[in-house]
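Reader: I've got a structure open on my screen and a few questions about it. Could you walk me through some of its features?

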Amino acid sequence: MLTFRALGPFQARHGDTVIDLGGQRQMAVLARLLVAGGRAVPVSVLIDELWPGEPPAQALSTIQGYVSRLRRALEPGRAPREEAEVLVSAPPGYALRASSDQVDAWRFERAVKTGGEPAMVWERLDAALALWRGPALAEFSDLSWAVTEAGRLEELRLIAVERRADAGLLLGHSGALVPDLEAHASAHPLREEAWRLLALALYRNGRQGDALGALRRARTLLREELGLDLGATLQRLESDMLAQAVHLDPPPGTTGRAAGPGSAGTGSAGNTGSTADTGSTESTTARAARPPSPSGTSPDASPREPVTAPPELRVVVVDDQALVRTGLRVVLDSEPGFRIVGEAENGEQAIAVVRETRPDLVLMDIQMPRLDGLTAARRILADEAPPKVVMMTTFGTDDNLYAALRAGVSGFVLKTSAPEQLITAMRAAQAGDALIDPAVTTRLIAAFAGRTDPSAPPGLAGLGDTELDLLKLVARGLTNRQIAVTLAVPEVTVSAAVVKLLDHLGLFDRAQLVVTAYESGLVNPGDVVR
């Protein structure tokens with residue numbers, strides 16, 4: 001069987017025999033077609049990307065020569081005039097025709113994006129990570145397209161390791177995972193999920209002091225490097241560990257010290273990504289879709305309760321930096337239940353793309369040329385049946401962020417947030433909840449609480465005690481599910497009450513309820529639940 005290997009030294013093989021692919025640029029032609037994922041690559045693009053800046057005068061004939069020699073190497077038994085079946089002509093260029101099983105990078109990506117029960121995830125990702133034999137496409141590190149693809153594959157590797165480790169914790173393999181997770185957290189100190197997994201593995205291995213120490217190290221590093229405190233996920237985990245919350249114990253039928261069928265190994269322990277809960281026995285995918293539990297409380301569902309996959313969320317990504325859009329695509333492509341249906345690099349494009357694609361949610365930068373994100377968000381939200389809008393910012397100004405909330409966006413996240421916070425924000429918006437990044441919530445609300453504004457919504461006259469209590473809970477960041485648990489009523493009752501509250505106040509988004517509660521003085525900054 002003909003196979004292509006890109007997760008390490010670039011090779012093509014017939015069974016156990018390595019095929020001679022020729023010189024560096026000839027190999028680069030094949031690698032570039034592999035990166036295209038089966039799509040055609042125009043000859044002009046091949047020339048520009050193989051010889052950045054100044055292609056040789058005979059570049060076209062050189063490419064044709066490379067393709068001819070590669071075809072002979074890949075299909076040695078093909079008759080001289082017989083049409084090629086692997087490296088095919090696809091005007092105005094060429095394409096690689098192969099199945100996902102023939103390309104290790106494609107097999108790996110498929111494995112990462114497939115969900116399942118913890119045991120299946122553990123086994124599948126163990127095999128997928130074994131495909132790695134070194135840095136991807138390292139031979140072509142002087143070519144920008146290869147660097148971009150290598151970065152994308154490396155991020156997928158981090159996500160794969162994260163999910164494998166998460167599955168291992170669900171299976172009770174915490175003892176075997178600790179050494180590798182310790183090494184990973186040291187190698188990737190700004191990845192909060194690395195610290196979550198390490199701390200949880202330590203805790204379940206009977207090392208509560210070491211687990212809390214790991215979180216203290218994470219807090220110190222984040223403050224020194226980014227000036228940020230722990231994210232909400234790690235803060236909840238720390239609080240739950242101090243309270244010795246029951247849901248942090250090893251899953252039923254396992255022991256925290258049990259070694260799994262294999263340790264994480266050097267091929268998988270180096271890296272993890274991010275999820276959105278604090279030790280629940282749900283799968284990574286289910287946890288990313290689930291709203292976070294209030295600090296110090298146990299999840300409201302049994303660990304073994306079947307989890308329904310969330311509906312697909314159609315997303316438009318808007319940012320003036322191509323690198324940011326690429327990074328977001330990597331994160332969302334690797335997370336089941338998300339599909340990017342459009343991209344834009346400024347506010348004007350965003351409005352047009354949203355009206356054309358009709359997405360469920362828009363993930364939009366605030367600061368952009370031509371038309372800023374805040375203005376674009378206002379126009380998008382003014383349309384009939386608008387999508388949810390979540391704003392992104394590197395730091396932003398308080399005025400911009402507060403104005404975004406007053407305009408009716410479903411919340412905002414910092415670009416420095418971990419991937420699980422982004423996923424949580426999008427799922428919260430999809431569910432009709434408002435999410436404000438905890439790194440700036442208190443400062444933002446404290447700066448603007450109690451302000452009066454001529455365009456502010458009407459006062460709270462006419463609301464009874466029940467409605468006011470509901471508004472307070474919404475303003476403090478609780479989701480409908482959490483409010484239902486707090487008030488001991490069905491979640492559907494809470495949802496209907498929130499809709500009625502919005503109608504009464506003449507608002508259309510949950511985030512506007514938060515603003516109303518603070519502007520009216522119903523809730524004070526000190527009441528914010530962190």
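This is a predicted model: local features need pLDDT of at least 70, side-chain atom pairs count only at pLDDT 80 or more; totals for chains, interfaces and linings use all residues.

Reader: Is R219 buried or exposed?

Author: The cut-off for buried is under 20% relative accessible area. R219 comes in at 15%, so R219 counts as buried.

Reader: Which strands stand at the edges of the sheet, and why?

Author: The open sheet has three strands in the order β1-β2-β3, with antiparallel pairing. An edge strand has a single partner, so one side is left without a neighbour in the sheet; that's the case for β1 (2-5) and β3 (17-18).

Reader: Which residue in β2 is the bridge partner of R5?

Author: β1 and β2 (residues 11-14) run antiparallel and are joined by four bridges. In β2, the residue bridged to R5 is Q11.

Reader: How wide an arc do the buried residues of α14 cover?

Author: Helix α14 spans residues 373-382, and its buried residues are G373, L374, A376, A377, I380 and L381. They sit on the same side of α14, because the arc they cover around the axis is only 160°.

Reader: At the start of α14, which residue's side-chain oxygen reaches the backbone nitrogen of L374?

Author: Look at the start of α14, where the backbone nitrogen of L374 has a side-chain oxygen within 3.0 Å. That oxygen belongs to D372.

Notes:
Residues are numbered from 1 along each chain as its sequence is written. Side-chain values use heavy atoms; hydrogens and water are left out. Two strands pair if DSSP finds at least two bridges between them. Helices (H or I, at least four residues) and strands (E, at least two) are DSSP runs, numbered from the N terminus. Buried means under 20% relative accessible area, exposed over 50%, partly exposed in between (1.4 Å probe, protein chains only). The arc is that of the directions from the helix axis to the C-beta atoms. A polar contact is a pair of N or O atoms within 3.5 Å; within protein, one must be able to donate a hydrogen and the other to accept it, and residues adjacent in sequence count only if both atoms are side-chain atoms.
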